[in-house]
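Please look over the sequence and the structure shown here before reading on. The paragraphs after it go through the structure part by part.

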Amino acid sequence: MSDNIEQKCLSKGVKLTEQRKIIARVMSESKKTYGDSDHPDVDELYSRVSQIDSKISIATVYRTVKLFEEAGIL
């Protein structure tokens, strides 16, 4: 991914809360951290995100992924 997800959000006008920034950062860095074949599902994404901020719920991760998909970011 040449552009990271945070940059794509900004270019599409998607508001980035602190929780969304963390989720976007984890998604953007997943291939670099876990290898090119990494394609985490929402549960795995939640597991990774909650290690950074335990206050982020799985519902927030689901809503954020859906928002990113609907905005054409993912």
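Residues are numbered from 1 along each chain as its sequence is written, and side-chain values use heavy atoms, with hydrogens and water left out.

The pLDDT is the predictor's confidence in each residue, on a scale from 0 to 100. For the protein chain its mean is 90, and 96% of the residues reach 70 or more. Confidence is lowest in α2, with a mean of 88, and highest in α4, at 96. Helices here are DSSP runs of H or I with at least four residues, numbered from the N terminus. Where pLDDT is low, predicted coordinates should not be read in detail.

The next topic is the core. A nonpolar core is a set of buried Ala, Val, Leu, Ile, Met, Phe, Trp, Tyr and Cys residues joined through side-chain atoms within 4.5 Å; buried means under 20% relative accessible area, exposed over 50%, and partly exposed in between, with a 1.4 Å probe and protein chains only. The largest such core has 17 residues, of which I5, C9, I23, L45, V49, V61 and F68 touch the most other members. Two or more residues each come from α1 (5-12), α2 (18-34), α3 and α4 (58-70). The most come from α2, which gives five. Contact means heavy atoms within 4.5 Å. Beyond its neighbours within four places in sequence, C9 is in contact with V14, L16, F68 and I73.

The largest pocket has a volume of about 380 Å³. A pocket is an open set of points on a 1 Å grid over the protein atoms alone, where a 1.4 Å probe fits, with protein on both sides within 12 Å along at least five of seven lines; lining residues have an atom within 4 Å of a point. The volume is the space filled by probe spheres set on the points, which are joined across faces, edges and corners. Of the 16 lining residues, M27, S30, H39, P40 and L74 are the closest to the pocket centre. Helices α2, α3 and α4 each give two or more residues to this lining, and α2 gives the most, with five.

Some single residues remain. R48 lies in helix α3 (residues 42-52) and counts as buried because its relative accessible area is 9%. Not counting residues up to four places away in sequence, R48 touches V26, S30, Y34, D38 and P40.

I58 is placed in helix α4. Its relative accessibility is 32%, so I58 is partly exposed. Outside four places in sequence, I58 is in contact with D43 and Y46. S11, in helix α1, is exposed because its relative accessible area is 61%.

Definitions and conventions: This is a predicted model: local features need pLDDT of at least 70, side-chain atom pairs count only at pLDDT 80 or more; totals for chains, interfaces and linings use all residues.
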